[in-house]
Amino acid sequence: MAVVLEAKDAGEWTYRGEGAVNLVLAYNGTRSDFVGKVLRIQKVPRNGSENGNGYLGLTNQECVLWKEVNEIVSAPTREIAQHYFVQHVMCPLLGSGHVDAGISIQVTQEFLETVESNVLSQRPAWRVDAAKVNPLCVSVMLMSDHSMFPLGMCKEACSISVEIKPKCGFLPHSEFIAEDNAIKKSVTRFQMHQALKLNQGKISEVSAYDPLDLFSGSRDRVHKAINNLFRTPQNNFRVFLDGSLIFGGLGGGADTTSCEVGKAFEDSLKHVIQAEEGMRTQYFLELISKTVCSSELLNRLLEVQKLDTTDIEGAIHPYYNVISQPCMVCGQLDKDQSSKRYNSLHSMSMEESLKIVRDYLIAATAKDLSMIISFRPREAGNVESPYSIVSLESTNQSFDCKASFIDLDLKPLERIEYYYRLDQQIVSCYVQMVKSNHQLDHTGSTVGA
């Protein structure tokens with residue numbers, strides 16, 4: 001008999017967090033088929049059409065784009081298309097052992113309305129203003145809670161997990177990047193975006209985190225990256241103890257780690273990291289760094305990110321080929337300038353255009369996903385384990401370890417235009433900031449480069 005979640009079930013699901021597209025709820029009840037699971041519930045912009053966000057399937061142009069994956073094209077709703085995108089596109093690229101496509105379960109409108117009401121007070125105000133639960137969704141995704149180990153594997157709850165948003169791990173070198181935007185080839189997108197967010201008041205302090213450090217494979221640089229993420233977690237670094245958030249923001253982010261927050265986190269590690277007070281956080285960050293360095297996950301992720309070979313400044317042109325519209329970008333340039341640089345992109349076949357756009361959107365998913373690494377202290381003498389084992393020499397401890405990718409959202413085709421506008425805005429803001437600093441004769445960078 002098919003499971004249908006109704007209004008009476010809503011109280012068993014608690015707010016875990018949210019991104020731009022989905023609300024995430026963790027199960028807090030006693031049903032064995034839901035223990036250790038989370039729900040991903042689609043949201044809809046408050047200023048947009050509800051029908052356009054998940055209830056309907058793909059657009060005709062998206063059906064052409066994803067025509068090689070029949071399950072995606074024939075999915076009755078975008079939410080189910082998302083499931084097949086993860087299963088048939090992202091799983092093969094990132095490894096099925098590290099990706100959970102989840103299963104679709106039915107919900108009533110009353111369940112969604114009750115959930116919306118229950119979690120309202122826990123959601124960040126700006127998230128509430130931007131979007132709400134889509135009341136027209138007829139199903140949601142049930143997935144494993146990757147911040148925990150399966151029950152029955154351990155006598156007592158003792159898992160700790162870190163969720164990291166790695167962001168883009170390489171510098172683009174596309175020939176289609178305009179000369180005025182050449183800064184993109186030497187400063188990471190993350191660092192430039194920090195300047196824009198500071199300018200917009202979305203953050204109070206820029207992060208010193210550099211994705212190139214995390215993806216470097218160098219133990220020292222990876223450790224530097226993890227330490228910088230801890231100092232300014234924003235929405236890029238969170239820690240869960242037995243499935244409950246103990247560090248970082250819920251649906252938004254935490255700008256900087258205060259002394260009070262750092263002390264509370266140090267104290268919360270006492271049952272996991274066997275060290276004297278004042279050293280637990282340092283050793284935990286060492287554990288994360290060592291695990292990232294010894295894993296091949298980031299190498300695999302980087303390969304998928306690098307499917308973007310043209311940068312958005314290149315991909316925007318075949319996008320207009322795909323939607324059969326005049327190129328708005330070329331329309332803003334003089335004919336000699338546009339034909340010289342972009343003629344090859346507009347003269348390519350439809351199949352070549354589709355591949356560039358498709359690869360760009362897959363790479364966009366890879367640049368925006370999160371990675372969860374979970375640890376569980378191992379008991380002395382316990383040799384067998386279905387998980388990887390990582391040792392922390394500083395405390396003479398060993399941990400079971402598992403890693404997963406989450407938030408592998410299928411990006412809408414029309415998002416390409418937004419990506420182009422945002423890219424131009426990010427670069428423009430960063431270039432202006434650099435110019436202003438030079439004019440003021442500042443010798444230090446205001447962005448943690």
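**The nonpolar cores**

In this predicted model, the largest nonpolar core holds 88 residues. Five of its members touch the most others: Leu214, Phe237, Phe284, Ile288 and Phe375. Take Leu214 as an example. Leaving aside residues up to four places away in sequence, Leu214 touches Ile164, Pro166, Tyr209, Val222, Ala225, Ile226, Val292 and Leu298.

**Helix α11**

Leu298, one of the residues touched by Leu214, belongs to helix α11, which covers residues 297-305. The buried residues of α11 are Leu297, Leu298, Leu301, Leu302, Val304 and Gln305. Where do these buried residues fall, seen down the axis of α11? They sit within an arc of 160 degrees, so they line one face of the helix.

What do the buried residues of α11 pack against? The table lists their partners.

| Element | Residues |
|---|---|
| α3 | 78-94 |
| α7 | 211-214 |
| α10 | 280-294 |
| α15 | 350-368 |
| β11 | 370-377 |
| β13 | 397-406 |

**The six-stranded sheet**

Strands β11 and β13 also belong to an open sheet of six strands. Its order is β10-β9-β8-β11-β13-β12, and the pairing is antiparallel. Which strands stand at the edges? They are β10 (244-247) and β12 (388-392). Each has a single partner strand, so one side of each is left without a neighbour in the sheet. From one strand to the next, the twist averages 30 degrees.

Look at one pair in detail. Strand β8 (residues 160-164) runs antiparallel to strand β9 (residues 237-241), and five bridges join them. In one of these, Ser161 has Phe240 of β9 as its bridge partner. In general, strands of a sheet pair through backbone hydrogen bonds.

**The whole chain**

Now step back. The protein chain contains 16 helices and 13 strands. Its radius of gyration is 23 Å, close to the 22 Å that the globule rule gives for 449 residues, so the chain is as compact as a globular protein of that length. Along the principal axes, the C-alpha atoms fill a box of roughly 70 × 60 × 40 Å. Buried residues make up 51% of the chain. Among contacts with a separation of 6 or more, 69% join residues 24 or more positions apart.

Key. Residues numbered from 1 in each chain as written. Predicted model: local features only at pLDDT ≥ 70, side-chain atom pairs only at ≥ 80, totals over all residues. Heavy atoms only, no water. Buried < 20%, exposed > 50% of the residue type's maximum accessible area, 1.4 Å probe, protein only. Helix = DSSP H or I, 4+ residues; strand = E, 2+ residues; numbered from the N terminus. Arc of directions from axis to C-beta. Contact = heavy atoms within 4.5 Å. Core = buried A, V, L, I, M, F, W, Y, C linked by side-chain atoms within 4.5 Å. Pairing = 2+ DSSP bridges. Axes fitted to C-alpha atoms, helices over the stretch in contact; angles between N-to-C directions. Rg over C-alpha atoms; globule rule 2.2 N^0.38 Å.
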